[in-house]
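Here is a short briefing on one protein model. Look over the sequence and the structure first, then read the points below.

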Amino acid sequence: KSGHQIQQLTTEISANEVKINSLNLKIEHLNNYIKELQSDLKNKENLVAGLRKDMREMKAKNEMLAKTISNDELKFMKMGHELEEMRKERNLVGLQMVRRNDEIVVIKEKLQIAQNALDNGTTQYNQRVEDIRLLKKEISNLHTESECLKHAIKSTADMRKEIVRLQRALNQEHIRIRALTEDARTPTGVHRWRI
């Protein structure tokens with residue numbers, strides 16, 4: 001009977017060792033998965049930082065474009081005043097009519113160039129506004145991704161609790177196996193029979 005019991009205990013011990021090895025493998029897989037999640041989180045944080053930097057640069061560019069538009073508008077107003085003054089001078093001075101007409105043609109060309117520059121500035125400004133809208137949409141997408149990652153991190157905390165619980169159960173099994181092996185080595189006849 002004791003030989004049969006010893007054989008049963010050895011089979012139980014080998015089965016427990018197989019379970020322990022499989023649990024160790026699961027723990028290693030979970031640790032690797034946690035490391036991958038942490039690296040993904042760091043990559044996402046770097047991506048968000050890069051997007052914020054790009055957004056700051058876009059804001060600076062927009063401010064520069066707004067300044068150039070305001071400067072062009074001021075130049076446009078100055079040229080308009082100059083044109084009015086030249087018209088007054090043309091009416092007052094009949095002898096310089098031909099010369100003034102040539103100057104007006106030159107000023108009109110400058111005005112057209114300034115208008116073209118203003119039009120280009122407004123189109124660039126509209127493009128930057130569209131870029132900002134797309135970046136805001138991208139930022140909202142990144143916020144939702146970060147929320148998903150936060151939920152995933154919470155689930156990893158639950159997995160850690162489960163790992164701790166499994167380690168405790170494993171330690172209890174180790175203690176039980178040690179007690180059974182000690183019992184099998186030095187049988188005293190007391191407390192040997194179990195249900």
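Leaving aside neighbours within four places in sequence, Thr156 is in contact (heavy atoms within 4.5 Å) with Ile34 and Leu37. This is a predicted model: local features need pLDDT of at least 70, side-chain atom pairs count only at pLDDT 80 or more, and totals for chains, interfaces and linings use all residues. Residues are numbered from 1 along each chain as its sequence is written, and side-chain values use heavy atoms, with hydrogens and water left out.

**Thr156**
- Thr156 sits in helix α2 (residues 97-185). Helices here are DSSP runs of H or I with at least four residues, numbered from the N terminus.
- Thr156 counts as buried because its relative accessibility is 7%. Buried means under 20% relative accessible area, exposed over 50%, and partly exposed in between (1.4 Å probe, protein chains only).

**Leu25**
- Leu25 lies in helix α1.
- Its relative accessibility is 48%, so Leu25 counts as partly exposed.
- Leu25 and Glu73 are 48 residues apart in sequence. In space, they are 71 Å apart, C-alpha to C-alpha.

**The positive patch**
- Arg52, Lys53, Arg56, Lys59 and Lys136 form a positive surface patch.
- Helix α1 (residues 2-92) gives the largest share of the positive patch, four residues.
- Lys59 is in helix α1. Lys59 counts as partly exposed because its relative accessibility is 48%.

Note on methods. Patch = residues over 30% accessible without salt bridge, like charges linked within 9 Å, V, L, I, M, F, W, Y side chains within 5 Å. Areas by Shrake-Rupley, 256 points an atom, 1.4 Å probe, with all protein chains shown as cover. Salt bridge = Lys/Arg side-chain N within 4 Å of Asp/Glu carboxyl O. Lys, Arg positive; Asp, Glu negative; His and termini not counted. Charge placed at Lys NZ, Arg CZ, Asp CG, Glu CD. Helix = DSSP H or I, 4+ residues; strand = E, 2+ residues; numbered from the N terminus.
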